[in-house]
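Please look over the sequence and the model below.

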Amino acid sequence: MPEPLPLADVDLADPDKFLDGETPWRMLETLRREDPVHWQPEPAPNSGFWAVTRHADIVAVDRDPETYTSTRFTNLEEVDDDQIAIRRSLLETDGLRHQAMRRLLQKPFTPRAVAAYGDFLRVLTRRTLDAALAKGSFDFVEEVSADFPINVLARMLDIPEDDTQQLIDWGNRIIGNTDPDYADVLLHSSESEAYRNLPFRSPASLEVFAYGRKLAEERRGGDGTDLVSLLVNQTPKDGVPLTPTDFDNYFLLLVVAGNETTRHAISHSMLALIQHPEELAKLQADPTLIPAAVEEFLRWASPVYHFRRTATRDTTLGGKEIKEGDKVVLWFASGNRDEDVFTDPDTFDVTRKNIDHVTFGKGSPHFCLGNSLARLEIQILFEELLPRISSIRLTGEVPRVRSNFVNGIKKLPVEVTLA
Ligand code: HEM
């Protein structure tokens, strides 16, 4: 790993610094060492944020939703009350209402419920791999990493497989709103003002809403067990039904969260194995190591760089004075490379033990609902893939998503030799 960057060169607000797959890690290392709770200025109209980069501080904030609320939004945008009213999802709800909304979908995401998907996941993986491996040379992102999780989500939502490419495009446009290849208009450009009332400032959000509402109408009053039916046919425990806006944003959250993140986790894991052939060889020699190795994949990949909270009162963190209303940003990716928690954190080691990563958050009521599913998807994919190949190599550049939010890989061109 190259040297950390000088503190003066650190700018976590600039998506251009996230294009090479290396600078983000150098910036975060500098901050952990020199200024672990760092005030990061941002371009107007945003006001700047505290960057929390050490594992212990990230966990302390994540565990304390009373002091660090999610209700003022979890991305970096500063949004007024009108906008919040049309854009709030489970992720931006706290307290009892959050618990009640989350419980609507708790069951299908428990480890036990997810384990029951195992056979289906294996069949789907094989189908994905059959098609990709037959080509010999292919883009691993398009053929495998994107294809597999979206088909799992399609099954959970009970929607036609023909619609999956549309869901992928929506996810790209919504999450990639700082990347010119994906965005309808770039976030913070003058044009993006026209979209300031849309979630993620993307017209794609309205398309997702319309798609979700149609499903909701079709399933209302039925006895389906898919995620949409569970949302429209249950009343939350607090007795307050989901409003149409609650449903819109819940549905959008699922489409984005169940698609983008797992895709990038798979791509990063594959890239890491290509770049560390000795680690790949260990897993091929002993596939029983794969389930535990998934935790190292997740630590290494850190598909979500950060989530943001907002201070509800004046407080201190890491010796810094945080004021009520300040944005406090948890750099999960940095916590995953914290030298105080991980020995040789910049070493990719598939036999690493006791991996206390924060990839899905830690201790928060918002801890990733889909974590068991994501873990099983990644495990099954590599259990099915690795015995089928004797070698895999990169055949071109690996472009990254221009984003300081999602740690994404756009293309992973590979050539495989079958075993
Ligand atoms: C929340 C990461 C896969 C659904 C989150 C959070 C993170 C995260 C960091 C917020 C945690 C916090 O604030 O403390 C990831 C990563 C994934 C992944 C890295 C893949 C490797 C999934 C999948 C689904 C999903 C497959 C569903 C199909 C959700 C939902 C929330 C969430 C609904 C909001 C939970 C709440 O607010 O209570 N995820 N996620 N995620 N994730 Fe995931």
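Strand E3 and strand E5 (residues 307–311) run antiparallel, joined by two bridges. Strands count as paired when DSSP finds at least two bridges between them. Threonine 69 stands opposite threonine 310 in E5. This is a predicted model: local features need pLDDT of at least 70, side-chain atom pairs count only at pLDDT 80 or more, and totals for chains, interfaces and linings use all residues. Residues are numbered from 1 along each chain as its sequence is written.

E3 and E5 belong to an open sheet of five strands, in the order E1-E2-E8-E5-E3, with mixed pairing. Its edge strands, E1 and E3, each pair on one side only. Helices (H or I, at least four residues) and strands (E, at least two) are DSSP runs, numbered from the N terminus.

Helix H2 (residues 55–62) lies across E1, E2, E3, E5 and E8. Its direction is at about 120° to E8.

Now the ligand. The shell around the ligand has 27 residues. Among the closest are Gly258 and Cys368.

How much of H13 is buried? 13 of its 16 residues are, so H13 is largely enclosed by the rest of the structure. Buried means that 20 or more other C-beta atoms lie within 10 Å of a residue's own, all placed from the backbone.

Technical notes
A residue is near a molecule or strand if its C-beta atom, placed from the backbone, lies within 6 Å of it. A residue is buried if 20 or more other C-beta atoms lie within 10 Å of its own, exposed if 12 or fewer, and partly exposed in between; C-beta atoms are placed from the backbone. Two residues are in contact if their C-beta atoms, placed from the backbone, lie within 7 Å. Axes are lines fitted to C-alpha atoms, for helices over the stretch in contact, and angles run from 0 to 180 degrees between N-to-C directions.
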